[in-house]
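Welcome, and thank you for taking a look at this report.

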Amino acid sequence: MMNKKLLLGTISLLISTITFGQSIFEYKGYITNMESVWLQKNVDIMLVSGTAQNRFDFFIYPTEKTTINIGLRNNIDYGNSVLLTPGYANQITQDDGYFNLMKSWKEKSSYVFYSSIDRLNVFYSNDDYEIQLGRQRINWGVNLAWTPNDIFNSSSYLNFDYEEKQGSDAVRGQYYFNFSSSMEFVYKLDREKRITSALMYRFNYWDYDFQTFLGMMHEDYVFGIGWSGNVLTSNVSGEMTYFRDKENFADTTGQLVASLGWTYTFAADFYIHAEILFNSTGTTGNAGGVNNLLATGYSAKYLSPAKYSLFGDFAYQITPLVRLDLSSIINPNDKSLYLGPFASFSVSQSVDMLLGGQFFYGSLNTEWGDYGEFYFLRLKWSF
């Protein structure tokens with residue numbers, strides 16, 4: 001259950017801050033409702049479900065160099081997916097952080113109402129260094145779809161409705177040597193008290209941004225490198241992380257996960273991005289059995305069960321108010337495929353609409369062959 005004292009303390013902090021005046025307090029947020037239809041493969045049943053979501057992001061400035069950030073999510077999941085999924089409420093309200101900042105308010109057979117705090121941190125910044133303590137988003141990834149360097153906050157590309165992504169209970173410090181080089185240290189604990197910790201060095205050379213780090217993630221020692229820069233008129237980026245079991249260091253060969261990305265933007269508001277993923281311990285056979293649709297269990301070490309994966313994304317800004325996007329993931333070994341067409345519309349200055357689908361093709365027990373088809377309609381009001 002959510003720590004009630006911490007929740008009450010958070011609310012009290014917000015109320016007391018508001019009374020001091022708007023100058024040290026800011027907030028933003030949104031309300032969304034997404035309806036979805038799932039046509040399961042080889043099952044003659046249409047599952048209709050929905051998610052109503054409300055988010056608040058609060059920013060408090062007690063001093064010129066200090067910021068307190070609080071992010072609160074309120075969700076109601078309802079419909080067939082809740083009704084027909086055993087243990088849905090327990091699964092969806094499981095907090096992976098060291099502190100349990102999630103609370104289920106009401107659970108019935110066909111809906112679940114719950115809240116979570118995914119940001120709760122204090123940030124201090126000086127001229128040469130910055131320190132951040134608490135639940136925060138730590139993003140070390142370079143690429144779009146697959147980020148082997150993101151050992152703290154990996155999240156599936158397909159989980160599009162959670163735009164802010166989950167946070168980590170961690171302490172983070174960064175020191176800037178100059179405008180192009182810095183050192184960063186992060187120490188994170190999860191709900192099982194497992195440690196993920198690493199020291200990263202960033203620098204610029206040949207007009208390329210590089211990063212390299214050394215540390216540990218759960219039961220493994222980790223070493224990673226990443227880079228990003230322009231080649232002619234396109235951008236090339238890459239990252240790789242090597243995992244080696246701490247307990248059996250001398251008896252294992254370790255695991256290498258690497259991704260390479262390429263991006264090109266045309267003058268006519270047309271965008272192309274492509275990536276390839278390599279997992280040294282992945283399979284070249286049927287890669288079914290891992291649910292990449294959910295963030296649970298997803299990590300930089302297990303971005304895909306396949307040895308090789310291909311990703312492509314094509315986006316076109318038709319007008320300032322309309323954008324089309326088509327993404328795809330291919331497993332070249334088991335011949336399974338994901339397609340994600342989406343269209344976003346700016347209805348007004350504060351209201352957006354998203355239409356789209358996620359379509360999965362392939363034989364049974366392949367990486368993408370068991371899911372079927374999803375259709376989505378989402379309305380979002382931002383304030």
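## Paired strands

Two strands count as paired if DSSP finds at least two bridges between them. Strands themselves are DSSP runs of E with at least two residues, numbered from the N terminus. This is a predicted model, in which local features need pLDDT of at least 70 and side-chain atom pairs count only at pLDDT 80 or more, while totals for chains, interfaces and linings use all residues. Residues are numbered from 1 along each chain as its sequence is written, and side-chain values use heavy atoms, with hydrogens and water left out.

S9 and S10 run antiparallel and share 10 bridges; one of the pairs sets Tyr201 against Thr212 in S10. The two strands make a hairpin with two residues between them, and Trp206 in that turn has a positive phi of about 55°. S8 and S9 are antiparallel as well, with eight bridges, and here Val186 faces Ala198 in S9. Five residues separate S8 from S9 in their hairpin, where the turn residue Lys193 has a positive phi of about 60°.

## Two nonpolar cores

A nonpolar core here is a set of buried Ala, Val, Leu, Ile, Met, Phe, Trp, Tyr and Cys residues joined through side-chain atoms within 4.5 Å. Buried means under 20% relative accessible area, exposed means over 50%, and partly exposed lies in between (1.4 Å probe, protein chains only). Which residues touch the most other members of the largest core? They are Trp140, Trp146 and Ile151, in a core of 32 residues. Strands S9 (195-205), S10 (208-217), S17 (336-346), S18 (351-361) and S19 (373-382) are the elements that give two or more residues to this core.

## A nonpolar patch on the surface

Now turn to the outside of the model. Patches are built from residues with over 30% relative accessible area and no salt bridge, with nonpolar side chains (Val, Leu, Ile, Met, Phe, Trp, Tyr) joined within 5 Å and like charges within 9 Å. Accessible areas come from the Shrake-Rupley method with a 1.4 Å probe, and for residues only the protein chains shown count as cover. One nonpolar patch consists of Tyr129, Ile131, Leu133, Val171, Tyr175, Phe177, Phe185, Tyr187, Leu199 and Tyr201, with about 890 Å² of accessible area together. At least two of its residues come from each of S6 (129-136), S7 (168-178), S8 (181-189) and S9.

Tyr129 belongs to strand S6 and is partly exposed, at 32% relative accessible area. Ser182, in strand S8, is buried at 4%. The C-alpha atoms of Ser182 and Tyr129 are 9.0 Å apart, although 53 residues separate the two in sequence. Apart from residues up to four places away in sequence, Ser182 touches Gln174, Tyr175, Tyr176, Phe177, Met200, Tyr201 and Arg202.

## Salt bridges

A salt bridge is a side-chain nitrogen of Lys or Arg within 4 Å of a carboxyl oxygen of Asp or Glu. The structure has 19 of them. In one, Glu164 meets Arg55 at 3.8 Å, N to O. Glu164 sits in the loop between S6 and S7 while Arg55 is in strand S2 (residues 46-63), so this pair ties together parts that are 109 residues apart in sequence. Arg55 is buried, with 1% relative accessible area.

Is the Arg119 side of the next pair buried or exposed? Arg119, which bridges to Asp118 at 4.0 Å, N to O, is buried at 8%, and Asp118 is buried at 4%. Salt bridges link Arg55, Asp57, Asp118, Arg119 and Glu164 into a network. Another pair, Arg194 and Glu192, meets at 3.6 Å, N to O; here Arg194 is partly exposed at 29%, and Glu192 is partly exposed at 46%.

Notes. Helix = DSSP H or I, 4+ residues; strand = E, 2+ residues; numbered from the N terminus. Contact = heavy atoms within 4.5 Å.
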